[in-house]
Amino acid sequence: MRFRGGGRGSRRGFLRSGSAAALLAGAVPGRTVWPNARIKVGVIGCGSVSRRYLPHLKACGAVELVSVCDKRPERARAAAEKFGVPHHYPHVDDFLGGAAFDLMVNLTDMQEHGRLNRFGLEAGRHVWSEKPLANTVDDGRGLLELARARGLGIWAAPVVVLSPQFRFMREQVRSGRLGRVAAAHAAYGHLGPDWSAFFYEEGGGSLPDLGVYNLTTLTALLGPARAVTAMTSIVTPRRVVEDKGSIAVEAEDNAMVLIDHGGGTLSHVQCGFNYFDPGGHDGAGRELPTIAVTGTKGTMHLVGYDWAPKGVDLATADHPSLVRHATDTQGYVWEMGASHVAECLAAGTEPGVSAEQALHVLEIIVAAREAQRTGQRQELATSFPWPVAG
Ligand SMILES: NC(=O)c1ccc[n+]([C@@H]2O[C@H](COP(=O)([O-])OP(=O)(O)OC[C@H]3O[C@@H](n4cnc5c(N)ncnc54)[C@H](O)[C@@H]3O)[C@@H](O)[C@H]2O)c1
């Protein structure tokens, strides 16, 4: 780690910098807010996903894009030029010690998240991270404690709970229209990214890249996991990727996870990098349900992926034929998380996603791997406030 805090990148330097000019005690206790101001944003990681985030951030009225960073400097320079970002840097130290900003958006390799998110918090920045939040449960817990101690916020993708389709499903569970919910199933897979090796290296894998969406949806709908068991495997032992050529696959590319939510409710998530899908990776035109939730008085099916939902088919004892609901996405897109957090920071409101849930989902992923290694059911230690507000 080259970044040591202090100087321009320190919390004190940041507060002096002027970006936090209109400090007020906000609606979120202990957190600085900038009412009616634009949130200065720095983005680290200018690869594939940044091409979805940067246009969304650029169009967000609560955001002022200040800097971009990538260890491949040509990527940072190209992103800065394309999106009119005034500063670009080749290293996290220069990025955090350079032009002041309020919110760090971390879009780097999964293996870098824990380390870089910590640097961001140590430098006094709020942090939005692509998934996973961190790479171990201890690191994730440490990030939450550090953020709390410094009066900062940290949040992580995915934002599936912000979609109108998720809200509709949550309402069916809450209102009891499904009766006693017994079981749920969720699936997400494609043939795997072909641009970067990190997806297949240790710390990567289909669980933190893909399963994370379904795990977030199902725990938000049915409650935190009490225990999990799982089987994982590697279906394709070698891959060819753009950045490193032919590589050995180290992390699971195929996973089946069983979750006990308590109260008798069980669910199942399957994910993998070996799924042929006639609809393609982007989910365009995907009409097949990917999530099913079933109770004693009703059943519902999410049409499309939870990160790109198209509607919810519902049948109940009162109305036993399937009817499609919630077909309007109302502006929800999966890449909106950092913009959403910036809007909430500017308004002094609490974002609709919680770091506690991101940490819990990380623990499920770690526990699933441990279940595969040992053949044993794993009890979980973390939880999150549930039912999710909103
Ligand atoms: N690509 C997608 O469609 C997509 C969708 C949703 C989420 N994600 C998530 O986004 C993250 C990034 O995925 P991606 O597909 O954009 O990968 P990518 O390889 O295309 O981009 C990652 C970028 O981060 C940079 N980087 C890595 N370590 C760095 C460091 N220490 N300092 C500065 N730059 C660094 C790399 O040079 C690279 O340009 C992952 O967590 C992934 O799970 C990707």
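Leaving aside neighbours within four places in sequence, with which residues is Met231 in contact? Please also describe its setting.

Mentor: The model is a predicted one, in which local features need pLDDT of at least 70 and side-chain atom pairs count only at pLDDT 80 or more, whereas totals for chains, interfaces and linings use all residues. Residues are numbered from 1 along each chain as its sequence is written.

To take the residue itself: once neighbours within four places in sequence are set aside, Met231 is in contact with Met256 and Gln372. Two residues are in contact here if their C-beta atoms, placed from the backbone, lie within 7 Å. Met231 belongs to strand β10, residues 227-233. Helices and strands are DSSP runs numbered from the N terminus, a helix being H or I with at least four residues and a strand being E with at least two. Met231 has 15 other C-beta atoms within 10 Å and is therefore partly exposed. By the rule used, a residue is buried if 20 or more other C-beta atoms lie within 10 Å of its own, exposed if 12 or fewer, and partly exposed in between, with C-beta atoms placed from the backbone. Between the C-alpha atoms of Met231 and Glu370, which are 139 residues apart along the chain, the separation is 9.5 Å.

Ala255 lies in strand β13, residues 254-260. Ala255 is buried because 25 other C-beta atoms lie within 10 Å. Not counting residues up to four places away in sequence, Ala255 touches Ser206, Leu207, Gly211, Ala230, Thr232, Gln270, Cys271, Gly272 and Ala368. One of these, Ala368, is 113 residues from Ala255 along the chain, and their C-alpha atoms are separated by 8.6 Å.

Helix α8 covers residues 206-222, and Ser206, Leu207 and Gly211 are among the residues that Ala255 touches. This helix has 17 residues and reaches 22 Å from its first C-alpha to its last, close to the 24 Å expected at 1.5 Å a residue; the expected span is 1.5 Å times one less than the number of residues. At Val212, α8 bends by about 50°, the bend being the angle between axes fitted to the seven residues ending there and the seven starting there. Because 17 of the 17 residues of α8 are buried, the helix is largely enclosed by the rest of the structure.

Another strand, β17 (residues 308-316), holds Leu314. With 22 other C-beta atoms within 10 Å, Leu314 is buried. Its contacts, not counting residues up to four places away in sequence, are Gln172, Gly298, Met300, Leu322, Val323 and His325. Leu314 and Met300 are 14 residues apart along the chain, and 4.3 Å separates their C-alpha atoms.

The loop between β18 (323-325) and α9 (337-347) includes Ala326, Gln330 and Val333. Ala326 has a positive phi near 50° although it is a residue other than glycine, and Gln330, also not a glycine, has a positive phi of about 50°. Most residues other than glycine have a negative phi, and most peptide bonds are trans. Ala326 counts as buried because it has 22 C-beta neighbours inside 10 Å, whereas Gln330, with 10 such neighbours, counts as exposed. Val333 is partly exposed, with 15 other C-beta atoms within 10 Å. Val333 and Ala308 are 25 residues apart in sequence and 6.9 Å apart in space, C-alpha to C-alpha.

Two peptide bonds also deserve attention. The bond from Ala157 to Pro158 is cis, with omega near 5°, and Pro158 is found in the loop between β8 (154-156) and α7 (164-175). The bond from Trp386 to Pro387 is likewise cis, with omega near 5°; Pro387 sits in the segment after β19 (378-379).

As for the whole protein, its secondary structure comes to 10 helices and 19 strands, and buried residues make up 49% of its 390 residues. Among contacts between residues at least 6 apart in sequence, 67% join residues at least 24 apart.

Finally, the ligand has 23 residues around it, of which Gly45, Gly47, Ser48, Val49 and Ser196 come nearest; a residue is near a molecule if its C-beta atom, placed from the backbone, lies within 6 Å of it. Domain 1 (7-156) and domain 2 (160-332 + 353-379) both give residues to this shell, so the ligand lies between them; the domain bounds come from an automatic or database domain assignment.
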